[in-house]
Amino acid sequence: MIDNDGFRANVGIILCNQNQQLFWGHRIGQLDAWQFPQGGIDPDETPEEAMYRELYEEVGLRPEHIKILGRTDRWLRYRLPHNLIRRNHLNERTCIGQKQVWYMLEFVGDEEDFNLNAADHPEFDHYKWVDYWLPLRDVIHFKRKVYDKALTELAPLIFERTVPKKPKDLRSRRRHSLFRMHSRRQTFKERNGEKRISFEERQIEQHIIVEKSTY
């Protein structure tokens, strides 16, 4: 469902274990892309129904494997970079981003309950359990603010006393690696007397190179 402003209705899932660590899934077929499970809400679904469906499709878990701790009070939105927006020529609304309801779930099953191949088109090829704030460092840049808002709002649901402080440096490794790529290419061109900046380098400078996939 895409609203009048171009945002697709979506659910995001934060899954925590008994050690207050979070499920962090690696996107299939991509070099270094990690994220929480998420997916669209169908027209005939409530957000909670969509959450249960996406939970099974992306990680193979069923309702008995989790406990709902809470959800965000309102929609959280992020915009897609221009190079990921697919213009719609069928008289339908063009999706410019996502508006999401985020759920905090407690995992109460066993590791053997995970099945990343539950759906015909898997989202993840492997996963790991990570410290609470680490996803803010490693998630793709245009989702970082939404992740920050969701994690900040839902943190009290799993930390009874004191929420751990956010690390001071939350810049992504991807941004650092792109800077190093640009520096190496610039050095090579300077050694060869070239002044031209390619389109790819301009993208690197603007931090908008991302995998061509659905977000």
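Q: In this predicted model, which residues of strand S6 (residues 76-79) form its covered face, and which its uncovered one?
A: Happy to start with this strand. In a regular strand the side chains alternate between the two faces of the sheet. In S6, Arg77 and Arg79 sit on the uncovered face, while the covered face is made of Leu76 and Tyr78.

Q: Which residue in S7 stands opposite Tyr78?
A: Let's look at the pairing of the strands. S6 and strand S7 (residues 97-107) run antiparallel to one another, with 4 bridges between them. Within S7, the residue opposite Tyr78 is Gln98.

Q: Is Arg74 buried or exposed?
A: You will find Arg74 in the loop between strand S5 (66-71) and S6. On the surface, Arg74 gathers with Arg77, Lys145 and Lys149 in a patch of positive charge. Its relative accessible area is 53%, and the cut-off for this class is over 50%, so Arg74 is exposed.

Q: Is Leu84 buried or exposed?
A: Leu84 has its place in the loop between S6 and S7. From C-alpha to C-alpha, Leu84 is 8.6 Å from Ile96, a residue 12 positions apart in sequence. With a relative accessible area of 3%, Leu84 is buried.

Q: Which residue meets Arg27 in a salt bridge?
A: Arg27 lies in strand S2 (residues 22-27), and its partner is in the loop between S7 and S8. The N to O distance is 2.9 Å, and the partner is Glu123.

Q: Is Arg137 buried or partly exposed?
A: Arg137 forms a salt bridge with Asp138, with the closest N and O atoms 2.8 Å apart. Asp138 is buried, its relative accessible area being 9%. Arg137 has 27% relative accessibility, so Arg137 counts as partly exposed.

Q: How many salt bridges does the structure hold?
A: Side chains of opposite charge can pair when their charged atoms come close. Salt bridges with shared partners join Asp42, Glu45, Arg53, Glu54 and Glu57 into one network. For the structure, the number of salt bridges is 8.

Definitions and conventions:
Residues numbered from 1 in each chain as written. Predicted model: local features only at pLDDT ≥ 70, side-chain atom pairs only at ≥ 80, totals over all residues. Heavy atoms only, no water. Buried < 20%, exposed > 50% of the residue type's maximum accessible area, 1.4 Å probe, protein only. Helix = DSSP H or I, 4+ residues; strand = E, 2+ residues; numbered from the N terminus. Pairing = 2+ DSSP bridges. Patch = residues over 30% accessible without salt bridge, like charges linked within 9 Å, V, L, I, M, F, W, Y side chains within 5 Å. Areas by Shrake-Rupley, 256 points an atom, 1.4 Å probe, with all protein chains shown as cover. Salt bridge = Lys/Arg side-chain N within 4 Å of Asp/Glu carboxyl O. Lys, Arg positive; Asp, Glu negative; His and termini not counted. Charge placed at Lys NZ, Arg CZ, Asp CG, Glu CD.
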